[in-house]
Amino acid sequence: QVQLVESGGGLVQPGGSLRLSCAASGFSLDYYAIGWFRQAPGKEREGVSCISRSDGSTNYAVSVKGRFTISRDNAKNTVYLEMNSLRPEDTAVYYCAAVGGVNPLHTIMPLDARIYDYWGQGTQVTVSS
């Protein structure tokens, strides 16, 4: 059974940090590019970052560039999203997603959710004092 499971969310004060994990089971992430998305209440799902399956190329939304870092550890079948300098507007449910056969970094819109095939259930991130 193909499954993605996010973890690491929680409540953090503005300026704080969190590291989200996206663990895969039932398939190897070696062959998939991974994206992180988020959805705040009343808002559309937004692409945050993605990483290619092969050369580790990355892409970030303007809103998180310089604050968030995506990385992958294929030996652990896990992708991470390190989030620093968190702001209240980063509050959302964060999802990871996987796509095989297409490298999002080679498309016009690498953070278009429609590209991605498999999705996790999400983890809540709340930034508040």
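In the predicted model, Cys96 is buried, with a relative accessible area of 0%. Its disulfide partner is Cys22, at an S to S distance of 2.1 Å, and this bond is the one disulfide that the structure holds. Because Cys22 belongs to strand β3 and Cys96 to strand β9, the bond ties together parts that are 74 residues apart in sequence. Cys22 is likewise buried, with a relative accessible area of 0%. The torsion about the S-S bond is about 70°, and the disulfide is therefore right-handed. Cys50 is buried as well, at 0% relative accessibility. The closest cysteine sulfur to that of Cys50 is in Cys22, at 13 Å, which is too far for a bond.

The largest nonpolar core comprises 37 residues, and Trp36, Leu81, Met83 and Tyr94 are those with the most contacts inside it. At least two residues of this core come from each of β3, β4, β5 (46-51), β7 (68-73), β8 (78-83), β9 and β11. The most is given by β9, which supplies six residues. For Tyr94, when neighbours within four places in sequence are left aside, the contacts include Trp36, Leu81 and Met83.

Six aromatic pairs are present in the structure. In one of them, the ring centres of Tyr32 and Tyr118 are 6.1 Å apart and the planes stand at 65°, so the pair is edge-to-face. This pair links distant parts of the chain, 86 residues apart: Tyr32 is in the loop between β3 (18-25) and β4 (33-39), and Tyr118 is in strand β10 (residues 118-119). Tyr32 is buried, with a relative accessible area of 17%, whereas Tyr118 is partly exposed at 31% relative accessibility. An edge-to-face arrangement is also found for Phe37 and Tyr116, with 5.1 Å centre to centre and 80° between the planes. Phe37 lies in strand β4 and Tyr116 in the loop between β9 (92-99) and β10, so that this pair ties together parts 79 residues apart in sequence. Both Phe37 and Tyr116 are buried. Phe27 joins Tyr32 and Tyr118 in a cluster linked by ring pairs.

Arg45 is placed over the faces of two aromatic rings. The distance to the ring centre is 4.2 Å for Tyr95 and 4.7 Å for Trp119.

Ser128 is located in the segment after β11 (123-127). Its relative accessibility of 38% means that Ser128 counts as partly exposed, as the value falls between the 20% and 50% cut-offs. Although Ser128 and Val12 are 116 residues apart in sequence, their C-alpha atoms are 6.3 Å apart in space. With neighbours within four places in sequence left aside, Ser128 is in contact with Leu11, Val12, Gln13 and Pro14.

How values were computed
Residues numbered from 1 in each chain as written. Predicted model: local features only at pLDDT ≥ 70, side-chain atom pairs only at ≥ 80, totals over all residues. Heavy atoms only, no water. Phe/Tyr/Trp six-rings, centres within 6.5 Å; stacked < 30°, edge-to-face > 60°. Helix = DSSP H or I, 4+ residues; strand = E, 2+ residues; numbered from the N terminus. Buried < 20%, exposed > 50% of the residue type's maximum accessible area, 1.4 Å probe, protein only. Lys NZ or Arg CZ within 6 Å of the ring centre and 35° of its normal. Contact = heavy atoms within 4.5 Å. Core = buried A, V, L, I, M, F, W, Y, C linked by side-chain atoms within 4.5 Å. Disulfide = S-S within 2.5 Å.
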